[in-house]
Amino acid sequence: MTRSVVIVDDHAMFRAGVRAELGDQVSVLAEAEDVDTAIAAINEHRPEVVLLDVHLPGGGGSDVMRRALSPDTRYLALSVSDAAED
């Protein structure tokens, strides 16, 4: 069973690397680079999983989770930060 995914990160190179690493194991429905485009992509595609950067232009990953209208979507936070609050 192929899982549907949206990749959200403000760095295009990172998104491309994640997509390449995932290969054919999942169906990448969309990519987004900030809070507003992430919310739009999630609301449009209703993915099973969102790979979500913690820090984004326009807010953060928590803003995306609060504002997206896809209650069955699961979120996996991505960050290189080692700050406890992240």
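Arg15 and Glu31 form a salt bridge, with their closest N and O atoms 3.0 Å apart; the term stands for a side-chain nitrogen of Lys or Arg within 4 Å of a carboxyl oxygen of Asp or Glu. This pair links distant parts of the chain, since Arg15 sits in helix H1 (residues 12–22) and Glu31 in strand S2 (residues 26–32), 16 residues apart. Helices (H or I, at least four residues) and strands (E, at least two) are DSSP runs, numbered from the N terminus. You are looking at a predicted model, where local features need pLDDT of at least 70, side-chain atom pairs count only at pLDDT 80 or more, and totals for chains, interfaces and linings use all residues. Residues are numbered from 1 along each chain as its sequence is written, and side-chain values use heavy atoms, with hydrogens and water left out.

How exposed are the two partners? Arg15 counts as buried because its relative accessibility is 10%, while Glu31, at 29%, counts as partly exposed. Here buried means under 20% relative accessible area, exposed means over 50%, and partly exposed lies in between (1.4 Å probe, protein chains only). Arg15 and Glu31 also belong to a network of salt bridges that includes Arg19.

Let's move on to the other pairs; by the rule above, the count comes to five salt bridges. Asp36 forms one of them with Arg67, the closest N and O atoms being 3.4 Å apart. Because Asp36 lies in helix H2 and Arg67 in helix H3 (residues 61–67), this pair ties together parts that are 31 residues apart in sequence. Asp36 is exposed, with a relative accessible area of 53%, and Arg67 counts as partly exposed at 44%.

Asp63 is partly exposed, with a relative accessible area of 21%, whereas Arg66 counts as exposed at 60%. Side chains of opposite charge can pair when their charged atoms come close.

Finally, turn to Ala38, which is found in helix H2 (residues 35–45). Why does Ala38 count as buried? The reason is that its relative accessibility is 0%. Leaving aside residues up to four places away in sequence, Ala38 touches Val8, Ala32 and Val64, where contact means heavy atoms within 4.5 Å. Ala38 and Leu52 are 14 residues apart in sequence, and their C-alpha atoms are 8.8 Å apart in space.
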